[in-house]
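Here's a quick briefing to read alongside the model. Have a look at the structure first, then work through the points below.

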Amino acid sequence: MRNKYPGVCYRCGQWVDAGKGHFERYSGQFRVQHAECAIKYRGTNQNYLKGGEKNNE
Ligand SMILES: [Zn+2]
């Protein structure tokens, strides 16, 4: 679904203008990502806060 509201892309950490990406519901909140990031990182758990492929937890 296209994002109605702007926000920070959870994939790359860059700003997403309204309508330029997708938003989704996650853990009771909404998060936004670029349309390009949705394609690029499809099937991965890429998250700019966690950094790349690392998964130390
Ligand atoms: Zn992005």
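The four donor atoms around the zinc ion make angles of 103 to 116 degrees, so the arrangement is tetrahedral (four donors count as tetrahedral if all angles lie between 85 and 135 degrees). Keep in mind that this is a predicted model: local features need pLDDT of at least 70, side-chain atom pairs count only at pLDDT 80 or more, and totals for chains, interfaces and linings use all residues. Residues are numbered from 1 along each chain as its sequence is written, and side-chain values use heavy atoms, with hydrogens and water left out.

**The zinc site**
- The zinc ion is held by Cys 9 (SG), Cys 12 (SG), His 34 (ND1) and Cys 37 (SG), at 2.0 to 2.4 Å; donors are N, O and S atoms within 2.8 Å of the metal (3.2 Å for Na, K and Ca), and sites may look incomplete because water is not among the atoms.
- Along the chain, the spacing of these donors reads C-x2-C-x21-H-x2-C.
- Cys 9 has 0% relative accessibility, so it counts as buried, while Cys 12, at 29%, counts as partly exposed (buried means under 20% relative accessible area, exposed over 50%, partly exposed in between, with a 1.4 Å probe and protein chains only).

**The salt bridge**
- How many salt bridges does a search of the whole structure find? It finds one, where a salt bridge is a side-chain nitrogen of Lys or Arg within 4 Å of a carboxyl oxygen of Asp or Glu.
- The side chains of Glu 24 and Arg 31 form a salt bridge, at 2.9 Å from N to O.
- Glu 24 counts as partly exposed because its relative accessibility is 25%.

Terms used
Four donors count as tetrahedral if all angles lie between 85 and 135 degrees; four count as square planar and six as octahedral if opposite donors are over 155 degrees apart and all others between 65 and 115; anything else is irregular.
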